[in-house]
Amino acid sequence: MMSMSRMFVVIVVGSILALLSPSAQGQSLPPAPSPTSDGTSIDQGIAYMLMLVALLLTYLIHPLDASSSF
């Protein structure tokens, strides 16, 4: 059975080797691709859809409101 200090040394050395092994190969990761959209076009599309819904509801509710006043 391993003693606690020996197990600690094994864990520390293993962690250091695990962190250093990818850099030892000398390969770097390729840069991340640039985003195709920053989200403003999606936000603008949602805003247009909400305005269209509000316009349709206004035209649907307006005749009902006008007919109930007689």
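Tutor: First, a cut-off: a residue is called exposed when its relative accessible area is over 50%, and buried when that value is under 20%. Keep in mind that this is a predicted model.

Student: Okay, why is Leu 17 called exposed?
Tutor: Its relative accessible area is 54%, and the cut-off is over 50%, so Leu 17 counts as exposed. Leu 17 sits in helix H1, which covers residues 4-24.

Student: What makes Leu 17 part of a patch?
Tutor: Patch residues need over 30% relative accessible area, and Leu 17 has 54%. Leu 17 belongs to a nonpolar surface patch with residues including Phe 8, Val 13 and Leu 20. Together the patch residues have about 790 Å² of accessible area.

Student: How many of the chain's 70 residues are buried, as a percentage?
Tutor: 0% of them count as buried.

Student: And what is known about residues 42-61?
Tutor: An unreviewed UniProt entry annotates them as a "transmembrane region". In the model that stretch is 100% helix and 0% strand, with its end C-alpha atoms 29 Å apart.

Conventions:
Residues are numbered from 1 along each chain as its sequence is written. This is a predicted model: local features need pLDDT of at least 70, side-chain atom pairs count only at pLDDT 80 or more; totals for chains, interfaces and linings use all residues. Side-chain values use heavy atoms; hydrogens and water are left out. UniProt positions are given in the numbering used here, feature names are shortened, and annotations may be inferred rather than shown by experiment. Helices (H or I, at least four residues) and strands (E, at least two) are DSSP runs, numbered from the N terminus. Buried means under 20% relative accessible area, exposed over 50%, partly exposed in between (1.4 Å probe, protein chains only). Patches are made of residues with over 30% relative accessible area and no salt bridge: like charges are joined within 9 Å, nonpolar side chains (Val, Leu, Ile, Met, Phe, Trp, Tyr) within 5 Å. Accessible areas come from the Shrake-Rupley method with a 1.4 Å probe; for residues, only the protein chains shown count as cover. A salt bridge is a side-chain nitrogen of Lys or Arg within 4 Å of a carboxyl oxygen of Asp or Glu.
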